[in-house]
Amino acid sequence: MLEKTQGSQGFNDYERPHADLREFIARAERAGEVVSIKGADWKLEMGTLAEIVNHARPEPPAILFDDVPGYAKGMRLLSGATNSSKRLAIALGLPVPDHPLDVVRAYRERMKRHRPIAPTTVTKGPVLENIDRDGKVDVLKFPVPLLHEHDGGRYIGTDDLVIMRDPDADWVNGGTYRAMVQDKNHVSLWISPGKHGRQIREKYFRAGKPCPVLISCGHDPLLFLAGGNELRFGLCEYDYAGGHRGEPYEIVLSELYGLPMPAHAEIVLEGEMIEDVKAREGPFGEFTGYYASSPSQQPLIEVKRVYYRDDPILGIASPMRPPSDFSFSKCVMKAGMIWDEVERAGLSGVTGVWVHEFGGARMFNVVAIKQARRAWSGPLDPLLDAASSTNSRAIIDACRPYERLADFPMVARASPELRQKVKEKFADLLATIGCG
Ligand SMILES: Cc1cc2nc3c(=O)[nH]c(=O)nc-3n(C[C@H](O)[C@H](O)[C@H](O)COP(=O)(O)O)c2cc1C
């Protein structure tokens, strides 16, 4: 178990940051924060188990899926790497927390001193242990999950880092954008308009060029935290995450396009997108808890290289009706960012900020303020109750619009039958972790 160490200057309870996902998992296991599930099928069982575990209780454990039927022994998947206060603190190297707000406060303190640290290029690394080239490429050699019943396909990239170089400037962006398998050597990304990856891709397409890309699908969870949170344009996610480690990441350059990949990554795909070569992408259960966006035609990536470690571990971040297996970590980081912003905007007396998981870590944000006087409203407000001088009300309209009741988007949640079947299959194990 992790012990509290007063005034420790280390990385959480450790002398140095974890080198990779594997060392992170070992630390989280030592803290009693990981449950191993053997025998879950890639087809819907992993996604449903992630839902059952993350809906059962707060501070759920991470799930390490092992012995996946039909796949080589040793291949594993990790869901929910940073989805508890302790695991998030281990990932970021923050003090062992008693309460989620301790991590928010520690994160804000960290950000006052945080300075980006650029990665170091090396020529060797475990990610180069295996390289599949051209005709040998088969992304389905890994146990890529089908997460929800209505998804358009199997998603290899959910907890991923999509790496592209800005053709106009000397920097590399890393973003978490979902990657759907089309066939053994093609995947497609969904990148929302406005995201940095989309802006970069457009630059290549406007110049009539293909857009080179790497997709890292298993890595230090710090890189997922960097990739899935909004950093400023021009700030490389390796540098930001390196700033949290206090030492640089090691990167190796990819064979075809010289793009930087984490030297300790588990699986990295390399390919390029061409503007006019597209395929149907989606639908996919979204973080809002709905299938709100329809399938669309998105640029196809022909995967020409797959770099992977022996016994690779694929990361999973499964969006679903919140809470999900990643929403907690987003809530903490967003809460820290909002707290900084409201104080910067001049609001005084802020005593706490929390971003609720039920709002998908974006849409239900609460700011607690110390009362400055016994009133919230001004005397000109006709609703003001003169006797008590208070006026405080909030209304949340959570109704589906009446006109759209019949065709409102489906909820991204396992059907009761599937949930029951999976619960029965893994009943003993789920009971031992308080998720029965
Ligand atoms: C688990 C997870 C999945 C995400 N999936 C997508 C996605 O499929 N497409 C997208 O545009 N943004 C997605 N996002 C949001 C982006 O990762 C996030 O906005 C990030 O800041 C984008 O990087 P950028 O600012 O470099 O564009 C996801 C975030 C998380 C945490």
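Me: In which sense do strand 1 and strand 2 pair?
Reply: This is a predicted model, in which local features need pLDDT of at least 70, side-chain atom pairs count only at pLDDT 80 or more, and totals for chains, interfaces and linings use all residues. Residues are numbered from 1 along each chain as its sequence is written. Helices (H or I, at least four residues) and strands (E, at least two) are DSSP runs, numbered from the N terminus, and two strands pair if DSSP finds at least two bridges between them. Strand 1 and strand 2 (residues 62–66) share 5 bridges, and their sense is parallel.

Me: Which strands stand at the edges, each with a single partner strand?
Reply: The open sheet holds 4 strands in the order 1-2-3-16, with mixed pairing. Two of them have one side left without a neighbour in the sheet, because each has a single partner strand: strand 1 and strand 16 (313–316).

Me: How much does the twist average from one strand to the next?
Reply: Axes are lines fitted to C-alpha atoms, for helices over the stretch in contact, and angles run from 0 to 180 degrees between N-to-C directions. From one strand of this sheet to the next, the twist averages 25°.

Me: What angle does the direction of helix 1 make with that of strand 1?
Reply: Contact between two residues requires C-beta atoms, placed from the backbone, within 7 Å. Helix 1 (residues 21–30) packs on the sheet and touches strand 1, strand 2, strand 3 (76–79) and strand 16. Its direction makes an angle with that of strand 1 of about 110°.

Me: What angle does the direction of helix 2 make with that of strand 2?
Reply: Helix 2 (residues 45–56) also packs on the sheet, touching strands 1, 2, 3 and 16. Its direction and that of strand 2 make about 155°.

Me: Why is strand 7 largely enclosed by the rest of the structure?
Reply: A residue is buried if 20 or more other C-beta atoms lie within 10 Å of its own, exposed if 12 or fewer, and partly exposed in between, with C-beta atoms placed from the backbone. Leu161, Ile163 and Arg165 point one way, Val162 and Met164 the other. Strand 7 (residues 161–165) is largely enclosed because the number of its 5 residues that are buried is 5.

Me: What is the bridge partner of Met164 in strand 8?
Reply: A hairpin of 6 residues joins strand 7 to strand 8. The two pair in the antiparallel sense over 4 bridges. In strand 8, Met164 has as its bridge partner Asn173.

Me: How many residues of the shell around the ligand are charged?
Reply: The 19 residues around the ligand (C-beta atom, placed from the backbone, within 6 Å) include Gly175, Ser192, Lys195, His196 and Gly228, which come nearest. Strand 8 (172–175) and helix 5 (196–206) each supply at least two residues of the shell. Ala, Val, Leu, Ile, Met, Phe, Trp, Tyr, Cys and Pro count as nonpolar, Asp, Glu, Lys and Arg as charged, and the others, Gly among them, as polar. The shell has 5 nonpolar residues and 10 polar; the charged ones number 4.

Me: Is Thr351 buried or exposed?
Reply: Thr351 lies in strand 17 (residues 350–355). Within 10 Å it has 9 other C-beta atoms, so Thr351 is exposed.
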